[in-house]
Amino acid sequence: MLTRLIYASEANQPLTSDIVQAIVDTARKWNVERNLTGMMVFDRRAFLQTLEGRREAVSEMFCRIATDRRHRRVLLLEVLPVDERLFPDWAMGFAATDALGREQLPRYGVNESFDPHALTAGAALGLLRRLAQHAA
């Protein structure tokens, strides 16, 4: 049985693009070792991410994130069993919200400032799926 988890968080301090890339690289390595897939979005200080895999692996990763002192305001938006992965090709896909264009963000409930804490799980997943088309 697979599990999908979606969460939002904030960085405790401003992050450079090099630091964000290091986070993505570490997540990819960790996820490959544990057969996790997913997609991460970052915009200035806010993260939105989904993780997919065995329930134990997803739970373990989320616990690491929730207790990581680099994050604050960690909010679980959704966790549920799923039959298939939506991001099977991504150990961790990554995109910034500007990859989509600010004019398209309001259709997902995102206003001028990206606050993933205000999104519904459905809107968050829709945004993640759309940005996956621009992911690296």
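**Exercise 1.** In this predicted model, determine which residues Asn31 is in contact with, leaving aside its neighbours within four places in sequence.

*Solution.* Step 1: with those neighbours set aside, the contacts of Asn31 are Leu36, Leu51, Met61, Ala91 and Met92. Step 2: Asn31 itself belongs to helix H1. Step 3: its relative accessible area is 0%; the limit for a buried residue is under 20%, so Asn31 is buried.

**Exercise 2.** Describe how H1 and H2 pack, and state which residues make the contact.

*Solution.* Step 1: the two helices pack at an angle of about 155 degrees, and their axes are 11 Å apart. Step 2: angles over 145 degrees count as roughly antiparallel, and H1 is therefore roughly antiparallel to H2. Step 3: the crossing of the pair is right-handed. Step 4: H1 contributes Trp30, Asn31 and Arg34 to the contact, while H2 contributes Ala57, Glu60, Met61 and Arg64. Step 5: sorted by class, the contact comprises 3 nonpolar, 1 polar and 3 charged residues.

**Exercise 3.** Identify the residues with the most contacts inside the largest nonpolar core, and the elements that each supply at least two of its residues.

*Solution.* Step 1: this core has 20 residues, and those with the most contacts inside it are Leu5, Leu36, Met40, Phe47, Leu51, Met61 and Phe94. Step 2: at least two core residues come from each of strand E1 (2–11), helix H1 (17–34), strand E2 (37–43), strand E3 (46–54) and helix H2 (55–67). Step 3: a second, separate core has 19 residues, including Leu48, Phe87, Val110 and Ala135. Step 4: leaving aside neighbours within four places in sequence, Met40 is in contact with residues including Ile23, Val24, Phe47, Leu48 and Phe94.

Methods: Residues numbered from 1 in each chain as written. Predicted model: local features only at pLDDT ≥ 70, side-chain atom pairs only at ≥ 80, totals over all residues. Heavy atoms only, no water. Core = buried A, V, L, I, M, F, W, Y, C linked by side-chain atoms within 4.5 Å. Buried < 20%, exposed > 50% of the residue type's maximum accessible area, 1.4 Å probe, protein only. Helix = DSSP H or I, 4+ residues; strand = E, 2+ residues; numbered from the N terminus. Contact = heavy atoms within 4.5 Å. Axes fitted to C-alpha atoms, helices over the stretch in contact; angles between N-to-C directions. Parallel < 35°, antiparallel > 145°, perpendicular 65-115°, else oblique. Left-handed = near helix turned anticlockwise from the far one by under 90°. Nonpolar A, V, L, I, M, F, W, Y, C, P; charged D, E, K, R; others polar.
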